[in-house]
Amino acid sequence: MTAPLIEVDDLSVFAGSTVIVDRASFSLAPGSRTGLIGESGSGKTITALAMLGLLPDGLRATGTVTLNGQDLLSRPERDLVALRGSAMSMIFQEPMTALNPVMRIGRQIAEPLRMHQDMSRPDAFALAVELLGSVGIDEPERRARSFPHELSGGQRQRAMIAMALSCGPDLVVADEPTTALDVTIQAQVLRVLRDQIVANDAALLLITHDLPVVASVAEDVIVLKDGAIVEQGPATEIFSSPAHAYTRKLLDAVPPMSRSVGVPPKHVPATPGEPIVEMRDVRKTYRLRHRKLRDPDHVIHAVDGVSLDVLKGETLGIVGESGSGKSTLARIMLGLIRPTSGQVMVEGIDVTARKNLRPVREIAQIVFQDPMGSLDPRMLVRDVVAEPLRALGIAGDHRARVAELLAAVSLPADTGDRYPHEFSGGQRQRIAIARALAPGPDLLIADEPVSALDMSVQTITLDLLDQLKADFDLTMVFISHDLSVVHEISDRVLVMQQGRVVETGPVGNVFASPQQRYTRDLLAAIPRLDGSFLGPAA
Amino acid sequence: MTDRAASAETPPTERRRGRWRRLNLGLGLGIVLTVIAVALVSFVWTPFDPERIDASKRLLGAGEQGHLLGTDQFGRDLLSGIMVGARTALFVGILAVGIAVAIGIPIGGFAAARRGWVEDVVMRASDVVYAFPPVLLAILLVAAVSPGTGSAMVAIGIAYVPIVARVTRGAALSVFQLDFVSAARSYGRGNAYIFVRHVLPNIASVLIVQMTILFALAILAEAALSFLGIGTQPPTPSWGRSLRDAQTFLQLSPRLAIWPGVAIAVTVLGFNLLGDGLRDALDPRLEVRRT
């Protein structure tokens with residue numbers, strides 16, 4: 001075996017007296033690709049930051065990190081600066097904030113080159129253009145002169161990859177590099193990342209909570225739980241026969257669709273009921289203000305002529321990538337946004353008329369994506385859940401009703417006396433669900449309700465929603481960008497692209513034999529545990 | 001690990017900043033409470049009657065005949081005047097800030113909730129008011145009504161409305177974007193209720209800080225207006241007017257200007273420190289870093 005490129009020995013990280021990383025030891029061989037996996041709060045990112053000497057203020061590391069025979073932890077900041085970018089580099093999750101918004105892309109990529117390799121400005125820029133081409137950006141010359149906001153999310157992340165690879169580092173650390181991207185873009189970026197790492201003979205440490213993503217890029221896997229490594233070894237071995245219970249739990253949480261091809265859906269459409277929502281030719285356009293006086297306004301069609309029925313008792317899944325108009329559609333259904341044109345009826349009530357909003361509130365309620373932002377931080381949970389009852393003037397014993405609702409979403413009885421920030425993401429989402437159920441709605445609209453949650457929590461939350469649907473006799477509209485989640489919960493699915501409905505039908509049919517190219521692309525982009533979806537490395 | 005070992009690991013700069021923060025708050029609070037205490041005490045007791053004129057005691061030096069800070073050109077006790085002046089200063093701050101907040105917060109909240117052309121109209125209108133210097137506004141109002149502490153302060157309060165409206169709108173805008181506001185709409189709450197119940201508590205810290213700073217500015221503005229002779233009218237003692245009166249005797253008896261000046265400076269400093277300290281203490285982001 002060759003000498004390891006980087007060796008982490010007994011690495012611990014403390015925040016005051018709290019242990020964040022607990023005696024982690026592992027090593028990475030030159031040119032290897034390793035996945036560091038675990039749920040949020042498991043210490044994945046902190047481990048990587050400690051390796052690069054980038055720990056935030058107030059954190060302190062002990063142990064040794066040896067790169068090419070030199071210990072990094074004991075070295076002064078000045079030496080580390082020289083190593084960062086040239087010997088090791090990092091790709092961050094959110095390329096919009098990781099790139100300087102007022103600096104052109106080309107110059108940002110050229111910056112490490114000028115620093116570490118003392119290149120002249122034109123030389124560095126030329127190399128930057130070349131690098132942008134190699135990560136698959138069209139018209140690299142023009143893009144190098146663009147600002148970050150002028151690029152799409154996928155292009156920005158490609159630019160980050162180009163920047164990380166610019167000085168030919170031995171190690172690249174990528175922290176959730178595709179989590180903020182759409183599925184189809186994620187597949188492209190992962191492919192570029194893997195191929196470029198291989199082409200540059202660099203080692204990769206890929207940090208992610210997404211097991212199928214790891215499976216498709218990494219050869220080895222390290223599993224972190226509460227800051228400690230519970231298992232490490234070759235990916236194929238660990239994914240096929242996990243030794244630790246925690247790894248098994250993570251694997252069980254992977255949706256069936258990502259495990260194998262051709263899984264039948266959990267639900268089949270029941271006998272069609274009466275429509276509870278009827279939308280006819282609904283449009284919503286936004287006018288962007290013209291930059292110059294003479295220019296015509298730029299018009300965005302967020303929802304572009306959508307007609308649909310939601311039938312009583314079903315779960316309708318709406319899938320689409322960001323910007324497909326699915327959230328706008330949900331808000332139009334509730335009357336939170338007024339459509340530019342078209343008809344929207346909920347239980348025969350015209351939602352677009354302002355005077356009808358009140359009765360609609362009692363019929364339809366919504367759960368939002370971000371359980372952090374959807375609960376007022378200055379209100380007790382008890383008041384949060386009781387708010388809709390008070391707002392709609394529903395009579396009865398509110399205290400008892402709140403207790404009943406909290407029990408229904410399996411939260412302990414004392415939940416009501418605490419503040420939202422005292423709970424985990426999954427628990428907060430349960431509070432949000434309890435609030436939505438408070439007025440006794442017939443229709444529950446869930447807008448990406450599990451996207452901000454860890455995978456194992458996702459599964460539990462989906463099961464809870466299924467249970468509540470039966471208990472409360474609900475009709476559900478479930479919106480998500482994640483096809484495997486929609487596959488788990490829906491009877492019928494509706495695929496949206498750029499404000500239009502592309503395809504609709506029972507989940508089994510649409511996912512097994514998609515009629516439209518776009519649906520096929522979406523399905524093909526789902527990462528799978530067998531690691532097959534990216535194809536062999538170039 | 002013990003707590004002491006843990007705190008020893010906090011970077012020293014962090015700790016020093018924390019100590020400064022608490023010092024600001026403590027000092028500011030101390031000064032403000034002292035001013036309030038002095039104002040309250042002056043209702044029941046002052047060393048001498050601050051308005052009593054006694055030609056035989058004109059321009060006494062500090063400590064002469066029991067006058068701790070001496071007397072002015074009419075023989076009035078300086079210390080008593082300053083003590084009663086604190087009352088005026090606080091009254092002025094409360095009135096001006098009260099007016100600014102009572103009008104500014106609803107305006108800012110309304111603009112943030114409605115957006116669109118409503119916001120444009122409201123905010124441009126407040127820009128127009130903002131374009132007038134507060135003192136000019138005060139002079140206009142005093143000319144129209146009558147000189148006095150009240151009308152001067154109403155003018156200062158109105159002049160501060162755009163500042164409060166702007167701060168409120170800016171802070172409220174970001175809160176209105178949050179999902180819990182959408183959630184409140186989805187179960188039927190109107191804008192007014194959402195603003196009062198959901199948005200205001202979440203922007204209160206910003207507003208409180210702004211209020212302490214405006215309070216300090218209002219005290220300064222009153223002093224300036226009284227110095228010009230269009231603020232507090234005699235015989236009501238005011239620090240600003242004391243300064244004006246002292247102007248004539250600056251050569252002869254500078255302490256007549258020094259003590260009211262010190263009172264103004266220290267009080268304004270106190271409110272500013274309090275604002276600074278509160279901003280740090282109420283900032284939840286700093287809270288997280290400290291725990």
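1. Two residues are in contact here if their C-beta atoms, placed from the backbone, lie within 7 Å. In chain A, helix α7 (residues 153-165) lies across β6 and β7 (171-175) and runs at about 170° to β6(A). Axes are lines fitted to C-alpha atoms, for helices over the stretch in contact, and angles run from 0 to 180 degrees between N-to-C directions. Helices (H or I, at least four residues) and strands (E, at least two) are DSSP runs, numbered from the N terminus.

2. This is a predicted model, in which local features need pLDDT of at least 70 and side-chain atom pairs count only at pLDDT 80 or more, while totals for chains, interfaces and linings use all residues. Residues are numbered from 1 along each chain as its sequence is written, and chains are lettered from A and ligands numbered from 1 in the order in which they are written.

3. On confidence, the model scores ipTM 0.70 and pTM 0.77. The mean pLDDT (the predictor's confidence in each residue, from 0 to 100) of chain B is 78, with 84% of its residues at 70 or more. Within chain B, helix α6 (residues 149-176) has the highest confidence, at 88, and helix α1 (residues 3-9) the lowest, at a mean of 40.

4. Two stretches of chain B call for caution. Over residues 1-12 of chain B, pLDDT stays under 50, and the model has ten contacts beyond four places in sequence for them. Residues 285-291 of chain B also stay under 50, with three such contacts. Where pLDDT is low, the predicted coordinates should not be read in detail.

5. The contact between the chains takes 26 residues from chain A and 21 residues from chain B. On the side of chain A that touches chain B, the elements giving two or more residues are α14 (357-363), β16 (364-367) and α15 (381-391) of chain A. That side divides into eleven nonpolar, six polar and nine charged residues. Ala, Val, Leu, Ile, Met, Phe, Trp, Tyr, Cys and Pro count as nonpolar, Asp, Glu, Lys and Arg as charged, and the others, Gly among them, as polar.

6. Chain A holds an open sheet of six strands with mixed pairing, in the order β6-β7-β8-β3-β9-β10. Strands β6 (88-91) and β10 (228-234) of chain A stand at the edges with a single partner strand each, so one side of each lacks a neighbour in the sheet. Neighbouring strands are turned by 15° against each other on average, direction ignored. Strands β3 (residues 33-37) and β8 (residues 203-208) of chain A pair in the parallel sense over five bridges; two strands pair if DSSP finds at least two bridges between them. A:L36 has A:I207 as its bridge partner in β8(A).

7. In chain A, the axes of helices α17 (residues 425-437) and α18 (residues 455-471) come within 10 Å and cross at roughly 15°. α17(A) and α18(A) are therefore roughly parallel (angles under 35 degrees count as roughly parallel, over 145 as roughly antiparallel, 65 to 115 as roughly perpendicular and the rest as oblique). A:G425, A:G426, A:Q429 and A:L437 of α17(A) meet A:V457, A:I460, A:T461 and A:L468 of α18(A). The residues of this contact divide into four nonpolar, four polar and no charged.

8. In chain B, helices α9 (residues 239-247) and α10 (residues 255-282) pack at an angle of about 155°, with their axes 8 Å apart. α9(B) and α10(B) are therefore roughly antiparallel to each other. The residues of their contact divide into eight nonpolar, two polar and no charged.
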